[in-house]
Amino acid sequence: MLHMKNARFIVFLLLGIAFFSCQKSETGRKFTASFTAVLEQPKFNSRTQINDRLLSWSENDMVSLLSVGQNAKMTLSEGAHSRTATFSGEIEPAVEYYAVYPYSDKASLMDEPGKVSIFLPRTQYYTNNSISSGSNPMVAHLTNLNECVEFYNTCGLVTLRLSGFGTVNQVLLRSDTHEKLWGNFSVDMDVEPTSITQRMTYLSNGGETIVLECPEGVELQEEPTNFTFVVPAQSVSKNFTASVYFSVKEQIDFPVHAILVKRAEVSTSSVQTLAAPTMHAQVNPAVQKYFDFIHRNPYRDGDYSYTFIDKFCPPNESYRTDRPFPASIRWTKSIASQVDHIVVSTSSDYSSPFISQKIEEPEKCRTDISNTIPGIKYYYKIVSSTQKALIESAFMTYGERRFLNVDGIYNVRDLGGIPTSDGKKRIRYGKLYRGGRMNSKDINITKKGIETLLSIGIGADLDLRKDDEAQNITQSPLGPTVEYIRFPKSSSGYYQKLNDIDVNIREMQYVIDKLREEKPVYFHCAVGADRTGTLAFLIEGLLGVSENEMSIDYEVTSFSTPPGTRRRTAVPYDYSGMYDAISSVQGATLQEKFRNYFLLGINSTSISKEDLDWFENYMLEEIK
């Protein structure tokens, strides 16, 4: 037995008090004492520190030496990095002592003889292939300080084995059965050492979730990394939920089933492969440099005598730098043979799939996801042929615009993301798209490109080309499910001055009507620059976009080929003429001038105030 019976305890206590009352030191009742402590036998996985599975005390270890009315701090003075160590400190004399590792000012003897209270902290700290010093509570009973005393574990260890990608900052382990994993506990030492588990009882001030902090971050690898928790031992299998927090301030939760936590033993979970939620740049760096510069040096309102686009897209240079960057999804080689397909969705339950596609070469351990909306969280899972989710995670893309990669055509982008002049709202994504032609003698959209535009929901094809340019087609190249209409615009320069007001009104009314039917519109001319740019200019002006932002949207076409460089200053296209024309319309603000352009119309052709109000409310969203 670790503890004397109650009557013997009282007798020894009285004798001890009488004995030491006759032998006081010069400094009072306290005296310097030391004792030898040995860790539990190697067959148990007890430790204060793990190093290649060798059991050892660690430097700076301290224990609480408890007796009636006393909690003395004893410090390791010899024996670091071995199973046997010496602890020293000043104590008051007593008949017997109880030692608790690690030292805690919360540790104490309880009223009931043989019981001590210990405190398990909520927060532990990651140590490579080990546990942090001071996280593994042990107890011992001393009746003679001159003897070597054995410390017994009160808890067990749970190790989560994680592989994959990402830097882990924190791991949480939560009991699904609502058992307390930290707080004040009592340990009944009036039992055999191996039975201590059954006599460890939760008292108060605790909770069901413990935290493993990784202050320096832990990079996941192909080979599993061990994350080890110290938890109160259990006599039956338990279920936990683990939450892994990454450096991107995102988390992944997963269940940890049927872990049997035994006193002084390590319980290890199966390997969980994780991919940290990630952020990906959506805008091509060449375009982003232009954005960064022009926002620091915005164009002056009304002054179209200069441009900056040639600094970033030199004249007559024929190359494409508008292509967006995809989000690259990866997995480890260890699961590559099981990978079958990927499902991507904007909802965590995958109820509205954005993509569900076969992975043709899983041995490459990556696949790219394009044409995402900046700032939207996408959930994804890598799935086996048996429908088992091998990896589940999420990603987001960022950038000021949504450029699209559509196979077979060029210069395609979403009007969404452009801010209003007051900076409080922006154009909604996924409703209006501008771009180049889908069919001609030299350019035709591919099957993959058609699938891309259909997948983002295009419901109407607004063609601004003349009949011969469009080869007199009567159906959209996207197929019969997409409504097709052609409003031919002149290819000469005068239309930039907005003189084609009747055509502009019919185009704008068509856009509003299709959006009311929840049919996103793809509007285009031949190269998606000038006639397309005119309609984009009108739409952006109606929605309260600033002159600077409208100029940016026009000039960004320069990064795509074959349109070539488009400058706000260029004479052939007369972009500034559009601003001159709209400036002559009555209205106190630029947005009012655009509204009046459509409200007043020409020859009784106009757009109603109700339609314009609806369009503005529908197409704008708050910037969060």
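N129 is partly exposed, with a relative accessible area of 48%; here buried means under 20% relative accessible area, exposed over 50% and partly exposed in between, with a 1.4 Å probe and protein chains only. The model is predicted, and local features need pLDDT of at least 70, side-chain atom pairs count only at pLDDT 80 or more, and totals for chains, interfaces and linings use all residues. Residues are numbered from 1 along each chain as its sequence is written, and side-chain values use heavy atoms, with hydrogens and water left out.

**Loop residues and backbone**

- N129 sits in the loop between β10 (123-127) and β11 (130-131); strands (E, at least two residues) and helices (H or I, at least four) are DSSP runs numbered from the N terminus.
- N129 and D574 are separated by 445 residues in sequence and by 68 Å in space, C-alpha to C-alpha.
- D574 belongs to the loop between α8 and α9, and at 16% relative accessibility it counts as buried.
- Most residues other than glycine have a negative phi, and most peptide bonds are trans.
- The phi of D574 is positive, near 55°.
- N472, also not a glycine, has a positive phi of about 55° and is placed in the loop between β34 and β35 (483-486).
- Y101 and P102 are joined by a cis peptide bond with omega of about 0°, and P102 is in the loop between β7 (97-101) and β8 (108-109).

- The buried residues of α8 include the charged E547, E549, D553 and E555; Asp, Glu, Lys and Arg count as charged, Ala, Val, Leu, Ile, Met, Phe, Trp, Tyr, Cys and Pro as nonpolar, and the others, Gly among them, as polar.
- Helix α2 (residues 285-296) packs against α8 at an angle of about 155°, with the axes 11 Å apart; axes are lines fitted to C-alpha atoms, for helices over the stretch in contact, and angles run from 0 to 180 degrees between N-to-C directions.
- That makes α2 roughly antiparallel to α8; the cut-offs are over 145 degrees for roughly antiparallel, under 35 for roughly parallel and 65 to 115 for roughly perpendicular, with the rest oblique.
- Y290, F291, I294 and H295 of α2 make the contact with N548, E549, S551, I552 and E555 of α8, where contact means heavy atoms within 4.5 Å.
- By class, this contact has four nonpolar, three polar and two charged residues.

**Helix α9 and its partners**

- Helix α9 (residues 575-583) and helix α10 (residues 590-600) pack at about 80°, with their axes 9 Å apart, which means that α9 is roughly perpendicular to α10.
- In α9, Y579, I582 and S583 meet L590, K593, F594 and Y597 of α10, a set of five nonpolar, one polar and one charged residues.
- Helix α7 (residues 531-542) packs against α9 at about 35°, with axes 11 Å apart.
- G533, T534 and F537 of α7 meet Y575, M578 and Y579 of α9; four of these residues are nonpolar, two polar and none charged.

**Nonpolar cores**

- The largest nonpolar core has 46 residues, of which L432, L462, M508, I539, F598 and F615 touch the most other members; such a core is a set of buried Ala, Val, Leu, Ile, Met, Phe, Trp, Tyr and Cys residues joined through side-chain atoms within 4.5 Å.
- The largest share of this core, eight residues, comes from α6.
- Leaving aside neighbours within four places in sequence, M508 is in contact with L535, I539, L542, F598, I607 and F615.
- Apart from this core lies another, of 28 residues, including L212, C214, F246 and V261.
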